[in-house]
Amino acid sequence: MELHDLLERLVAVLERLQIPYLITGSVAAMAYGEPRLTNDIDVVVDLDEARVAPFAAQFPHDEYYLSDEAIRDALVRKGQFNIIHPASGLKIDVMIQKGTPFEQSRFKRARLIHPADSYEARFAAPEDVILKKMEYYREGGSEKHLRDIAGIMKISAGEIDERYIGEWADRLGLREVWDAMLQRLRGGS
């Protein structure tokens, strides 16, 4: 199984079960920016208890690792759980929608993208991908997040709403990271 196969399967399951979702993380960064290697898919879902069993049933235990206990724990904590395809080493990080103003904004701004001719999927808008990448950078310091942001800003520059990013950067405490990123992109260092 390839990453694109797993993404198509995930989207089909979410659509069939009518679970609101957003593809985000490195897969979304590549949709708006430059390609890079990744072995995981990040998705934010608005999953409720009633849909846990039907959702889990779509990933059979003989092919995927998925813990029902981890799903229920993620629902309670508004955290995340994983779906692992051991044969390929691919993973889906499933994050539960927290209902914060930022998450509500992300879901409203979702974009339909065709990752392949055979289907379309709901992706986080590029600005929201940038904001989350800045959060991850602030938390862990990994340069890959800054490279993803630079790639999005380079490839999708004409469609990026920098004002929106600036407003949310202020609200999320990311202004310092955003200003440094802008300076870096504009040749300041």
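Biologist: What makes α2 largely enclosed by the rest of the structure?

Modeller: Six of the eight residues of α2 are buried, so α2 counts as largely enclosed. They are Gly25, Ser26, Val27, Ala28, Ala29 and Tyr32. Buried means under 20% relative accessible area, with exposed over 50% and partly exposed in between (1.4 Å probe, protein chains only). Do keep in mind that this is a predicted model, where local features need pLDDT of at least 70, side-chain atom pairs count only at pLDDT 80 or more, and totals for chains, interfaces and linings use all residues. Residues are numbered from 1 along each chain as its sequence is written, and side-chain values use heavy atoms, leaving out hydrogens and water.

Biologist: How do you know that the length of helix α7 agrees with its residue count?

Modeller: The expected span is 1.5 Å times one less than the number of residues. For the 13 residues of α7 (residues 143-155) that gives 18 Å, and the end C-alpha atoms are 18 Å apart, which agrees. Helices are DSSP runs (H or I, at least four residues), numbered from the N terminus.

Biologist: Why are α6 and α7 called roughly antiparallel?

Modeller: Their axes, lines fitted to C-alpha atoms over the stretch in contact, cross at roughly 160° and come within 8 Å. Angles run from 0 to 180 degrees between N-to-C directions, and over 145 counts as roughly antiparallel; α6 and α7 are therefore roughly antiparallel to each other.

Biologist: Which residues make that contact?

Modeller: With contact meaning heavy atoms within 4.5 Å, they include Val129 and Tyr136 of α6 and Leu146 and Ile149 of α7.

How values were computed. Helices (H or I, at least four residues) and strands (E, at least two) are DSSP runs, numbered from the N terminus. Angles under 35 degrees count as roughly parallel, over 145 as roughly antiparallel, 65 to 115 as roughly perpendicular and the rest as oblique.
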